[in-house]
Amino acid sequence: MTALTLGLTRLSNWTAALAAVAVALLVLHVTIDVIMRYFFNAPLAGTILYVASFYMVAIAFLPQALTEKDDAQISVDLLYDFFPPALRRAVLSLGYLLTVIAAGLLAVRTGQEALSKYALGTFSIEGQTRIVTWPSYFLPPLGFGLMTLVALCRFLLSLSPSAPEMPRTPVGGETGDGETMP
């Protein structure tokens, strides 16, 4: 299981890094478009389409596995902290199982849509520019698919009382073991 968690951790970090690259490219692309538009009266063709169809899709869906791995999804722990340890483990396992089901269904459905768009050769036209958009449809199934695998791994780990947790990615002032640096 350690090799699996390590592999999923690397894939999660890699896809999140791709999302970060998409943020940088979005900023660069829009900045160049603004400069070209206002200083040279020659805006870049398709900027809005690239932002909406590629950059934003990558930013929204590629980090899904990382947020699941790091348990960074939104959660409400109002009563959970008062539960006995056995009930906490059961609730946690049920949550992981529901995540596997929901993310798995989303991965399958968005994957079907991506294959459909690929078969059609989907494109958009902005101004006089034809831009192929079908590749962006493969980003949601990638994000949801990896999220499903991470949640499945966490579900299986939650069933074993001696199994370790998925390794967390250090964020901000964290050291990686849940503690914050002084």
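Predicted model: local features only at pLDDT ≥ 70, side-chain atom pairs only at ≥ 80, totals over all residues.

Colleague: What does the secondary structure of the chain come to?

Modeller: The chain has 5 helices and 2 strands. Going along the sequence, the pattern reads α-α-α-α-β-β-α. Of its 182 residues, 34% count as buried. Among contacts with a separation of 6 or more, 70% are between residues 24 or more positions apart.

Colleague: Let's take helix α5. How many Å should its 21 residues span?

Modeller: Helix α5 covers residues 139-159, and at 1.5 Å a residue it should span 30 Å. The C-alpha atoms at its ends are 31 Å apart, which agrees.

Colleague: And how many residues of α5 are buried?

Modeller: The count is 16 of the 21, so α5 is largely enclosed by the rest of the structure.

Colleague: How do I describe the way two helices pack?

Modeller: Two packed helices are described by the angle between their axes and the distance between those axes. Take helix α2 (residues 47-61) with α5: the angle is about 5° and the axes are 9 Å apart. Angles under 35 degrees count as roughly parallel, and α2 and α5 are therefore roughly parallel to each other.

Colleague: Which residues of α2 and α5 make the contact?

Modeller: From α2 come Phe-54, Val-57, Ala-58 and Phe-61, and from α5 come Leu-139, Pro-140, Gly-143 and Phe-144. By class, that contact has 7 nonpolar, 1 polar and no charged residues.

Colleague: At what angle do the axes of α1 and α5 cross?

Modeller: Helix α1 (residues 2-40) and α5 cross at roughly 150°, and their axes come within 10 Å. This crossing is left-handed. On the α1 side are Leu-4, Thr-5, Leu-8, Leu-11, Ser-12 and Thr-15, which meet Leu-146, Leu-149, Val-150, Cys-153 and Leu-157 in α5. By class, the contact of α1 with α5 has 8 nonpolar, 3 polar and no charged residues.

How values were computed: Residues numbered from 1 in each chain as written. Heavy atoms only, no water. Helix = DSSP H or I, 4+ residues; strand = E, 2+ residues; numbered from the N terminus. Expected span 1.5 Å × (residues − 1). Buried < 20%, exposed > 50% of the residue type's maximum accessible area, 1.4 Å probe, protein only. Axes fitted to C-alpha atoms, helices over the stretch in contact; angles between N-to-C directions. Left-handed = near helix turned anticlockwise from the far one by under 90°. Contact = heavy atoms within 4.5 Å. Nonpolar A, V, L, I, M, F, W, Y, C, P; charged D, E, K, R; others polar. Parallel < 35°, antiparallel > 145°, perpendicular 65-115°, else oblique.
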